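Please find below some notes on the model, written for a colleague who will want the criteria beside each value.

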Amino acid sequence: MNFLAPWFLLGVVAITGPIVFHLIRRSARERMPFSSLLFLRPTPPRATRRRKLEHIALLLLRCLGLLLLAIGFARPFLPQSNASPPSAEAGRQMVILLDTSASMRRDDLWSKARKIAEHYLHEAGVADRVAVVTFDQQPRPLFSFAEWSAWPLGQRPTLAATRLDAVSPSWAGTHLGLALTTAAEQFSEAGGAETSGPRDVVLISDMQDGAKLDGLQGHDWPKGVRVILERVDPKHPGNAGLEILDPAADIAADVRQARARVVNTKDSSREKFQLGWNADAGAMQVYLPPGQTRTFLAPPLPTNLSSGQLHLSGGEESFDNTAYFAASELEHVTVAYFGSESANDPDQLRYYLQRAFPETSRRVVSVLSASNSLVETSLAVIPSSLDADQVTMLSGWLKSGKAALLVLTNAAAGPTLAALTGLPDIDLADAPGDYALLGDIDFTHPIFAPFSDPRFSDFSHIHFWKHRRWTIPPNLTAHVLAKFDDGAPVLTQISIGKGNLLVLAAGWNPADSQLALSSKFLPLMQTILDWSGSAAPARSQFQIGDSVPSPTSSGAPLTWQKPDEKKVVLAAGTPFTDTDLPGIYSVTMQGSVRHFAVNVPLDESRTTPLSSDDLARLGVPLQTTADVPVVKTVETKRRALQEELENRQKLWRWLIVGLLGVALVEIMLGGWLSRRVTTVEVAA
Amino acid sequence: MPGAASTSVSSAPVRAFADPKALMAIRNLELRARVVVEGFWNGMHRSPYHGFSSEFTEYRQYSPGDDTRYLDWRLYARSDRHFLKRFEDETNLRCHLLVDQSPSMSYASLAYSKADYVRTLAATLAWFLHGQGDAVGLVSFDERVRDYLPPRHRHGHLRQLMLALERGSEGRVTNLGEPLRRVAELARKRGLMVLLSDLLTPLDELESGLARLTAAGHEVVLLQTLDPNELAFDFSRPMLFQDLESHQDVYVDPGAARGEYQRRLADHCRRAEAICQKLGAAYHRIITDQPLEKALAHFLRGRRRRNKLVRRHVRAMSV
């Protein structure tokens, strides 16, 4: 029999207690009341008298009770000769989740995390299967179970460490929720047949407060998965960081003015900071108590610069103390209108279209009559029939990846629709009846997605007095975005080449419908313009990992330049996704250069460690033993095996049962002896 | 002197008395006393109600106006002078029973304690004296006087006395000096003082207390009551002995300590007896395994002897 906590066996020494008490008690118990001690002198006990133990059975029971208690506390277990480490018999599966987010750049967190990961790799048994997934905003498998199993036995840790060498902390944010669920999926992908052993996710992270935990709530964790937390902590807690907000409309007059949001963590020991541009001496003092976040109007960008670095000094950590700023530039968008009516006639479509795109600080939308060139056009609106030349021009333009909105204002638009879609004929007619209302709407489509909230999704009050009914030919690739209550399509998306044609079955002029007069009209037109792809607002502030839309969807390829001078050439219309470094980026198109800034997400600056309770509350199956030793040795491994054996056998329960039995017998015997002694004394 | 003084006790061989153990099994104290006294009377040859109650004390010269009934005509015939015979006052005996109720009296090696025995003895004496028409009072004490019933002979008084005897004591120690001093103050008229105690206390104050009583003209009888085991100290094993009064523990090996204990106790008793002899008080040692009738007989025999001595002394003085 072995013991898990043998030092508790020292409790056996307590057996001397009852023995001594049984010796002492003998004289102490016999107290004889006597009328007067006037004539008695104390007699010292005779040294030669041999002490005798009384009630040997009682003493033995008490000693046995103490013995059982001591052995029970020592957690005994029977060693099994055929027992082998759990890794050998069951094959442990372990996914090491290694945090590579920007906050891991602090102090020596990364080297600590590496060390822990390498320890786990070295401790993996022969039958163990290990996979490593690094994560920041996105999880990235470094190697899978299959790769690990394929490596030669002795070289697995070395090869895995070599893979780890290529990894370093990025500048991106942390999506812990996604990382954990991805790690759990690794087990499912590994196959259920081999999952008899423990399945552990070792999460090595700084567990920063700003990590996203989306997707954890209600996640269906595979059976038997345990998450072991290995938190790495910096030497000095606390951090302050900043981000520059997108210039707001109300300060459009001065686009060089930036707003900075500064966060100071709860565990920070500092509260006074300086905020200034580049090495500018005119830094402003910022007072921010720990645990608070405030927004400050930064000093204006020096006039000779279009972009700059806003520095926050005075914080504990420096990785997030620089925010890059690029002054936003005004974007001009052109909507081509293929109608001839006056822009001031309220009975016509153009009147309302002209007013659907108000000028903002970032974008000026011009609704122009269609010309022969559509190069600068973002969206084409077709309110009437087109001639053959226009159809040809528009078809080519659409096929290059553009978008147009065809409004069926009358049944004569049928040939135009057919020509644009490339079909010989389309059956189009005025729909009978008084009016129609909107029925089904696909709120998952980008055009209607902004209306998906129940507060905005009510289109039922818009009456369509007249509309055109057309049947979608089976050979036409079309997606009906909205239908009338009688099932006829209202808004249909038809793919033409790379581009899209939207077909609206009724006009928004008062004669056709109440659409232009409803509150839905302006947002609908905006979403259509945004959806057209080429007219995305020209943002100048991005975060690491964001996709930057191409400023133009057609024309010559664009040259994107990163802060490290690396250049990437992408076709017009292809978004730029390589935003992995903070700094000022530039994109060159047709001789003009546009700048935009990419920054570390502010959430990375919230470095206060998350509590394990937060994860447990979200249903993450954390390992019950709170403190998993960071450094595992052969001894700890052996101990783990012993603990498992002991946990399985639970011999201490039987010892406790035995102890209770002994206690019961002791009480009964003690009571009987006490009564017997009293009876004898009375009889005497 | 009337009453007890005139009572004669048979000197016949000791008959079978009531077993104290059986007697103490009777719960009612008054009944116990009655059993003892009636058993005791059954053994007497004469009735206690036929005694001569007037005692001659002295002669006085006749002066005009004196009652001529008391002229001693025989003396006149011999000496031709007129003398009047004077007798003691025709009062009944006034007896105080002084009962020790201290915790040391609660020791019992028998089925009953010394206190039980002393209460029964006191009740017996009270019943006996009351039956003779004497006034009986009670003083129960420990370190001070707990109960005081002045000597009376009237209906219901005996009942009150029994109730007072049955009441326990909350005292902690025995102190003879203070109670005896207090009794001397309370008992103005001369009478009989019967002190029932184990006297297991330093005797310095006993002497002064008894002296105060005898000086006041009281007749004192001391009945030292001891448990048989207090005399024999019959314990076999060494153990802790706890003083019933001080609750002090002393480890004693009886085998080794018995001899010295008995010697010291005997010295103590002898000293108490010597004090009584010195002060003219009667001393009797009563062991609680003795029949109560025997104790009563001791008491009465002692009193008769003393009264004879007194009468002889008075006559000698008058001649």
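This is a predicted model: local features need pLDDT of at least 70, side-chain atom pairs count only at pLDDT 80 or more; totals for chains, interfaces and linings use all residues.

1. Residues are numbered from 1 along each chain as its sequence is written, and chains are lettered from A and ligands numbered from 1 in the order in which they are written.

2. Chain B holds ten helices and ten strands, where helices (H or I, at least four residues) and strands (E, at least two) are DSSP runs numbered from the N terminus. Of its 319 residues, 37% count as buried, that is, with 20 or more other C-beta atoms within 10 Å of their own, the C-beta atoms being placed from the backbone. Among the contacts in chain B with a separation of 6 or more, 78% come from residues 24 or more positions apart, a contact being two C-beta atoms, placed from the backbone, within 7 Å.

3. Helix H4 (residues 114–131) and helix H5 (residues 157–166) of chain B have axes that come within 10 Å and cross at roughly 170°; axes are lines fitted to C-alpha atoms, for helices over the stretch in contact, and angles run from 0 to 180 degrees between N-to-C directions. H4(B) and H5(B) are therefore roughly antiparallel, the term for angles over 145 degrees. The residues in contact include Trp127(B) and His130(B) of H4(B) and Met162(B) of H5(B). By class, this contact has eight nonpolar residues, one polar and one charged, with Ala, Val, Leu, Ile, Met, Phe, Trp, Tyr, Cys and Pro taken as nonpolar, Asp, Glu, Lys and Arg as charged, and the others, Gly among them, as polar.

4. The contact between the chains takes 15 residues from chain A and 28 residues from chain B. On the side of chain A that touches chain B, nine residues are nonpolar, three polar and three charged. Strand S2 (residues 31–34) of chain A pairs with strand S8 (residues 239–243) of chain B in the parallel sense over four bridges, pairing requiring at least two DSSP bridges. Pro33(A) has Gln242(B) as its bridge partner in S8(B).

5. In chain A, three strands form an open antiparallel sheet in the order S9-S10-S13. S9 (240–245) and S13 (293–297) of chain A stand at the edges with a single partner strand each, so one side of each lacks a neighbour in the sheet. Neighbouring strands are turned by 25° against each other on average, direction ignored.

Conventions. Angles under 35 degrees count as roughly parallel, over 145 as roughly antiparallel, 65 to 115 as roughly perpendicular and the rest as oblique. A residue is buried if 20 or more other C-beta atoms lie within 10 Å of its own, exposed if 12 or fewer, and partly exposed in between; C-beta atoms are placed from the backbone.
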